[in-house]
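Please open the model in your viewer and keep the selection panel at hand. The tour goes from one selection to the next and says what is there.

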Amino acid sequence: MADRILAQYEHEEALAAAIRRMRAKGYRALEAYLPFPAIEVEDALIGSAPSAPSRLPYLCFLFGMLAAGVAYALQWLLNGYLYPLVVGGRPPHFPLAFVPITFEMGVLFASFAAFIGVLWRGRLVRLTDDVQGTPGFESATRDRFWLEILAADPAFDPDRTRADLVETGALRIELPEVGP
Amino acid sequence: MNRSDRSLPLAAVDPDPEFPPGVDQPPAELDRRRMIQLLAAGAALAGLGPIAGCMKKPSDRIMPRVDQRPELTPGVALDYATATVMDGYATGVLVTTHEARPTKVEGNPDHPASLGATSVFDQASVLQLYDPDRATGALDRGTPAELATLVRQIAGRERIEGLWFLLHPQSSPLIEDAIARIRARHPGARFAFDTPVSRRAVFEGSRLVFGRPLEPQYRFDRTDAIVALDADFLAAMPNAVRWSRDFAARRRIAAPQADMSRLYVAEPHPTPTGSLADHALAVRGSELRAIAAALLAAVEGRAIERALPAASAGAEGEGARRWIAAAARDLRTRRGLVVVGDRQPREVHALGHLINQAIGAVGSTVVFTRPAVIEPLGDDLAALAAALAAGRVQTLVIAEANPLYTAPPDLGVAVHLPRVPERIYADLAENETSRACHWFLPLAHAMESWGDARGYDGTVTFIQPLIQPLHAGITLLELLSAFAGDPEPDGHRAVRARYAPGTGDEATAAWQAALQRGLVTGSAFALEVAAVRLGDAERATLAAPPGDPAPGPMGQMRGQIELVFEPSPAVYDGRFSAIPWLQELPKPFDKLTWGNAARMSRATAAQLGVGDHDVVRIVAGGGAVTVPVLILPGHVDRCVSLELGYGRWAAGPVGDGVGSNVYSLRTSDRPWFAPAAGIAATGERHRLAITQEHQRQHGRQIALEATLDEYRRDPDFTRERWQSEPTMLAPQFESFFHWGMTIDTTICSGCNACVIACQAENNVPTVGADQVRRNREMHWLRIDLYREGGDDDPRFIHQPMLCQHCANAPCEYVCPTYATQHSPDGLNEMIYNRCIGTRFCSNNCPYKVRRFNWFDFTEDTARTRQLQYNPNVTVRSRGVMEKCTYCVQRIRAADIAARKQRRDIRPGEVVTACQQVCPTGAIQFGRLDHDRTLNVQWRGEHRHYAVLNQLGTRPSTVYLAKIWNPSSDLPVRLDEDTGATEGGAQDPAKPPGAER
Amino acid sequence: MSEPLLIGRPSDAALGDELLGTTWRAGGAGWKIAFAITGALTALLFALITYTVVKGIGVWGTNIPVGWAFAIINFVWWIGIGHAGTFISAILYLFEQGWRTSINRFSEAMTLCAVLQAAIFPVLHLGRPWFAYWLFPYPSVMEVWPQTKSALPWDAAAVSTYFTVSLLFWYLGLLPDLASLRDSAPTRRRRVIYGLLALGWNGKAVTWRHYKAVYLVLAGLAAPLVLSVHSVVSSDFAIALVPGWHSTIFPPYFVAGAIFSGFAMVITLVIPVRRVFGLHHVITRKHLENCAKLILVTGWIVAYGYMIEWFLDWYSGDRAEMYQAFVARPFGPNKIVFYLSMICNVGVPQIFWWTRARTSVWVLWIASLLINVGMWSERMMIIVQSLQREYLPSQWGDYSPTWVDIGILIGTIGFFALLFLAFLRLLPFISLSEMREMAHELVKHDRRTPAHGERHDG
């Protein structure tokens, strides 16, 4: 018993059209796989879960600010408070000189947040997933565009859905068997 | 030799009542083995560095009780009064010892020849003690022999026929006795006293005028007008250290309205004395006689033209005439004095005496005593050479002298000496001559010996041992005593017997007191009445222009190039060749290290078609040498000056093959000035190791100067260099007392004593010629030389440059690891352990006083030389930066002592090494709240300034501008040069190669 | 200006085969020779590094006053070269410069290789390199931490940040292509390796959404970073008071110089690559021409920097500064580097006023080489010549490198080349997914505007 159905399309416009058709037919648990980000597909998927715009940038901002703050605080702690040594007649706490490191650390950790964030939200860092190994699916990273409808979709019914997909001009349709 | 006796430290040195010197304890026996243990312990302690400075109790591991000497407390340094002797003249010194290791030489304030200061050679003598290439035992025809056996053999002999001694000039009363006893035991024994820097001419001169050899005792502190005829009395004469202090007393000007002495110098090449001269006249050495004769004529009111031959007409002659006229006027009208240099022949000395007589100087600014050295009483080298040639010498005993290296070839010593049936040699180390002798007897170093010697004024000075002999060694006194028949000569017994014959407690106490002072008070010679015994005929011949071919007239040298020889300011006559400190000492005017050069004026170089570093071949006196050229502004034209003491071939690894041996150009009749038979470029180049290649200020106002008149007209002429720059930074550590240094460039003669003192005090390594060529010398204190005016009549300003300890130090804020930072008492501190060696601090130091350990220089230092290290100063490892610390170890030691006694540091309690050694006293140091110290008073003078003050670094080291006192007859024009171009033309002292 | 960004309209498959094929195709003899040479030079580099660490940096030509020389010159030079990559991939991305697509991956890789070379020197030039970690605030038992008023800890922070961010940026962009490699890998071994590297990427739309958002954020972060890094590096000199260093123009002047040299290096590398792999239709003349234009622009900023320096030296009235600018550099020791930097950095770029020069491969390539030489000379001029002539004439000295200095410089060039060749062999050096995106954009665009290939990038 398959838990999803996958349909392959020629190009992104066909896929986008298919998505609209299927949504019109009441399918909601739609997901697309494509070799490059296509704006049409994005638009078509709006409304079908999960399709909220990414909030990762906020995370980056948060981390960046946090790191910058910590960096400045650390410099003050080490140079201005714990070991207030005088060099070149400068006061131990010398904000002007603390700026570069503060900035660099902010950027560094914001970037960490961004990178780790995308791995996390994209559920990456995995050896394989449910769709890998589906016959012909390797074309998803090459030149073909795939539509996925989960069995969890209330409107899902293997035969009818297959039929609907055929109508949308899918090149091929696969029901990956879930391993025993 | 029995070394059981104990030498005595100054009672004063131990600041801490907890540790009485304990001079009343019986001495402990020390054999060689234990001494080595002590030394090892010392070395270990040196590793502990500053910790040693505050150790309370001796630790067993480091200092076994059994070996402990009563007055010796680990970590507490002791100063012993002893003496260093150069060619017979003793300088009283205090030697600092750590755990029985001599580490540092300081002057003995009570000694008339020192007054607390020393020369570079005195400073370096401690490293000579630890020379790894010193002889370790006696040799009989090259095979090791037992020293005591040889000595007994010597003592056993009587009436040796044809016995000759060749010694350096001696002043020791004990040696005088020994010589007398030898003469009694071996009738017909002859003593020749010789040194390449002989002062016989001085005594001959006085013999000529006064009928007997006399030693002039100058009174520079009472003299207002000094005329020095080829006389470098501030650096190169026996009593120079003392005379520097006296000279400075009348030269240093405390306020614009105060008065200062005027100095005229006539010399072939710049010397420290010449660099302080208000009017320096560059003349060939052989011309001094004519100058002196003319000066005599002038002061006697006669016309000088008769004395100055027509040959010297023209600009040069004109300049000389005006110089003589002005000098004569000053000599007559002010308290004058004429000083004649040791290089000059007896006639010039005689003329000098006549001039002093004429101006009434004799008795006021110069008095006479009998000579301290017994040189005049003995034969000279020529007599010995004659005896050698005649085969009259059966047994030749040579001590310290090195004739096969230094003797003029025309004497044929090298030829005849090997024919002497029996040749005995004694010195610290083997050398050129010792190799040609049958017996070699190792001499003990002065710091291992008991003995005595006379200071320049005759003061009897004690020599006491500070350490057990590192190797078997016999003192010269003991050797002579052996010849006098003493089978077991003992220096201590001799000294004690002569100066403290009594045995009672009183006698002992007196003896110990004398030892602690280091001299016999009131033993200076009585003044001699010097009446001129000179017939008019002789006077006339003296005053008349000497005709050809007698050496000297200006005419003779025209077209021909004259060679002038000079004892090296670094290695003297070559006897210090094995001391790396001295080899690497930048010489005052060319800043040349590791070698000598043919120094000449730019015009002469052009005439010869050579430039810096070009190797020329010089032929003279039957010899020929190849030596690189170095152009020296202020050098007289048609003249080449050469430094003695280089080109040795048996001086050990350090001294061998450094520079060129110019002794082979000397002749016995003209030892100092001789016409060159030929000078020609060889086409080769040899890059000399020079530490300062640019001497122009490029109008940057780095070393300031003014004439006395200008100073009086505008006392604040240095304002641009002390008015503080506006800053956004609030001063730090306001509430603390800060340390500071003040240096008076008016009385700095550039004698280099401070450079070596700093090196000795702070364990500064030497790096060798190649590293110096790469600008990697390590001196913490260097003397920058700046030159104003033209190449032919330059004015020199010596500017000792060391860490300025800036309040806003550029080096500090660029260090990423806090390895250099500021202390509350105003020191710019260098923490070696924190240093990772980015060298950013050095790049950002505008004074370039920081030094970097490019390699592990300390590791490369010979183990025995490491024994000299000051345990209170960390030795630096590879890859760390280092620099002057204001002798922080001395500051902290005083701090600790003061805190123990619950008091504040006293004014003058902390003395830096450079300040302590400075002969003229040009360096002052102290805490800036000690108002009554010279340091603080000097800083208040109008002419003070801070170098590169415009950068806002706020240095703690302050300089006093150099004030000239030119005669109104010969005004000096202080033109500001703006040599704002690259290229050799503007910087004669710079090798052309440097700009590629 | 009618040069297209993409010649022809290859299908996704064709594009994929072509761009991934470089990874699968076996290297010929030429490759083996190239690897042999660069490998040998790399060996030389590490041999000399060992020698330096064992003997001490006295084996270099550095001295007092010239405390910094080749090591720091190389550091600044390599860091500068590293700037083009991130500039192209970040700043041009933000400005939506479509033409960046086919060269950004490639120049990012160049950045990483260059920064790796640069990273050698701050550590190696230390007197005691084994204590380099003292520049970071690790919990030290000695309780002394870095002194962050010095520019060197700034450097440490800036360079390590720059390298890390560039790496993340580059790797993120690489993920989809690694997935493509995985899915088209001919052998299982490669499939596994690339599969691991791809972190399980599967082109899901939701992942793409986050990916695009984050890619934009990273670009936004990298852009100011590019500008900050060389500004910080320049402060190593600007905060000092050495005449010739102490100048406020340094940050912008260094950044411009960095991008200047970076683009030169991009051209130096891209021209042979595009020839070897025959990618003339993917990396078109237009790309080269745009690089040339940027070189011209940044070249002028550099020239402006020179002029401002001279003006300020004169205007300051400071004798040391004036001597430095008008005597020491043109006439002093090592003056050759002054003339080299004037000719190569100010003179050579001017040829790019002419379209024919901008579009002639050979002219471009030679010019780019000269500019790299010129920028190295400029750093030597700034660092060494300034230190040779400071405030006290008594301490003026000159500098000449030892064979170790020169060997290390050549060694880094070899190491750089080795890393870059490896990148070319093992990874798609043109961003496949972005090329596909662009290709489709163009196809759609073509549909709308019949005239082919007339489209200018925005």
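**First stop: chains B and A**

Across the interface of chain B and chain A there are 3 residue pairs in polar contact, both residues at pLDDT 80 or more; a polar contact is a pair of N or O atoms within 3.5 Å, where within protein one must be able to donate a hydrogen and the other to accept it, and residues adjacent in sequence count only if both atoms are side-chain atoms. This is a predicted model, in which local features need pLDDT of at least 70 and side-chain atom pairs count only at pLDDT 80 or more, while totals for chains, interfaces and linings use all residues. Residues are numbered from 1 along each chain as its sequence is written, chains are lettered from A and ligands numbered from 1 in the order in which they are written, and side-chain values use heavy atoms, with hydrogens and water left out.

Select helix 25 (810–813) and strand 32 (820–822) of chain B: each supplies at least two residues of the side of chain B that touches chain A. Helices (H or I, at least four residues) and strands (E, at least two) are DSSP runs, numbered from the N terminus. Strand 32 of chain B gives the most to this side, with 3 residues.

In total, 13 residues of chain B are in contact (heavy atoms within 4.5 Å) with 11 residues of chain A. The two chains bury about 1,000 Å² between them, 62% of it on carbon and sulfur atoms; buried area is the accessible area (1.4 Å probe) that two parts lose on being put together, summed over both. Now pick L729(B), Q732(B) and Y818(B), which supply 54% of the area that chain B buries against chain A.

**Second stop: chains C and B**

Show chain C with chain B. The contact takes 63 residues from each of chain C and chain B, and the two bury about 5,200 Å² between them. I64(C), R128(C) and L392(C) supply 14% of the area that chain C buries here, more than any other three residues.

Which residue forms a salt bridge with K848(B)? Zoom in on E390(C): its closest N and O atoms to K848(B) are 2.8 Å apart. A salt bridge is a side-chain nitrogen of Lys or Arg within 4 Å of a carboxyl oxygen of Asp or Glu. The rule finds 1 salt bridge across this interface, and the count of residue pairs in polar contact is 31. Next, select helix 11 (319–331) of chain C; this helix gives the most to the side of chain C that touches chain B, with 6 residues.

Select D177(B) and R498(B), a salt bridge whose closest N and O atoms are 2.7 Å apart. D177(B) lies in helix 5 (residues 173–185) and R498(B) in helix 16 (residues 491–499) of chain B, so the pair ties together parts that are 321 residues apart in sequence.

**Last stop: the largest cavity**

The whole structure has 19 cavities of 30 Å³ or more. On a 1 Å grid over the protein atoms alone, a cavity is a set of points where a 1.4 Å probe fits but cannot get out, and lining residues have an atom within 4 Å of a point. The largest cavity has a volume of about 660 Å³, volume being the space filled by probe spheres set on the points, which are joined across faces, edges and corners. Select F121(B), A235(B), A236(B), M237(B) and Y572(B), the closest to its centre of the 45 lining residues.

Notes
On a 1 Å grid over the protein atoms alone, a cavity is a set of points where a 1.4 Å probe fits but cannot get out, and a pocket is an open set with protein on both sides within 12 Å along at least five of seven lines; lining residues have an atom within 4 Å of a point.
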